[in-house]
Amino acid sequence: MATKKLTEKVKEPKFKVGDYVVYPIHGVGEVTEVAKKVILGKKKDCYIMEIQGSKMKVSIPVERAIDVGIRSIIDKKEIKKVLILLKKDEVDTEEDWKVRYQNNMNKIKSGSIFEVADVCRNLYKRAYGKELSIMERKLYESAYNLVKMEIALSKGVPQEEAGNIVSDVLAASVQGLAPPPPPKEIDDLDLE
């Protein structure tokens, strides 16, 4: 009986030290090191990343990077597509906030800048007409920050400038919509 020797497919690191990448949910990070780490008793090549904004350090095996959705920052030419998506008239019509929250969370977990921009736009427009739940507000802030950081790095501009660009596009997307209704308490007052 011959014993087959299993050969592991070694994946070469796609990213190098100094590259900025997107790690779904965590955000944009800089690869600070590619090093060997012991994981479950086996030595593996890992990306060591520092997540922008939080300065959190994360480590992910090179062989798992694609599986978990780590990707490069979008090209400059993709920024226009993101901004067009942010300005679209579409909005999520799901009324059950729990279902809407889960759908939006799945979009953010996808790692796609376009899905994240979709969440940002939908929650911004929803907040324009009604107050968001605390969880949805946090989700909006997360989506907004992810879009802002990726645009800043792609364009090579400060995050504040990228934030202004995103905010201006979102504000323009609600121009022409009816303003949000006044708080209910004012409607119920008898002013005569």
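These legends describe close-up views of a predicted model.

**View 1. The largest cavity and its lining.** The structure holds one cavity of 30 Å³ or more. The space in the largest cavity comes to about 70 Å³. Its lining is made up of 14 residues, and those nearest the centre are Val22, Arg71, Gly111, Val116 and Leu146. Sorted by class, nine lining residues are nonpolar, three are polar and two are charged.

**View 2. Elements around the largest cavity.** Two strands, β1 (20-23) and β2 (27-39), each give at least two residues to the lining. The helices α3 (113-129) and α4 (134-155) also supply at least two residues each.

**View 3. Helix α1 and its buried side.** Helix α1 spans residues 76-87, and its buried residues are Glu78, Ile79, Val82, Leu85 and Leu86. Seen down the helix axis, these buried residues fall within an arc of 125°, so they line one face of α1. An α-helix has 3.6 residues a turn, so residues three or four places apart point the same way. The exposed residues Lys77 and Lys80 sit on the face of α1 turned away from the buried side.

**View 4. What covers helix α1.** The cover over the buried residues of α1 includes α3, α4 and α5 (159-173).

View 5. Buried here means under 20% relative accessible area. A disulfide is a covalent bond between the sulfur atoms of two cysteines. Across the whole structure, a search finds zero disulfides.

Conventions: Residues are numbered from 1 along each chain as its sequence is written. This is a predicted model: local features need pLDDT of at least 70, side-chain atom pairs count only at pLDDT 80 or more; totals for chains, interfaces and linings use all residues. Side-chain values use heavy atoms; hydrogens and water are left out. On a 1 Å grid over the protein atoms alone, a cavity is a set of points where a 1.4 Å probe fits but cannot get out, and a pocket is an open set with protein on both sides within 12 Å along at least five of seven lines; lining residues have an atom within 4 Å of a point. Grid points are joined across faces, edges and corners, and a volume is the space filled by probe spheres set on the points. Helices (H or I, at least four residues) and strands (E, at least two) are DSSP runs, numbered from the N terminus. Ala, Val, Leu, Ile, Met, Phe, Trp, Tyr, Cys and Pro count as nonpolar, Asp, Glu, Lys and Arg as charged, and the others, Gly among them, as polar. A disulfide is a pair of cysteine sulfur atoms within 2.5 Å. Buried means under 20% relative accessible area, exposed over 50%, partly exposed in between (1.4 Å probe, protein chains only). The arc is that of the directions from the helix axis to the C-beta atoms. Contact means heavy atoms within 4.5 Å.
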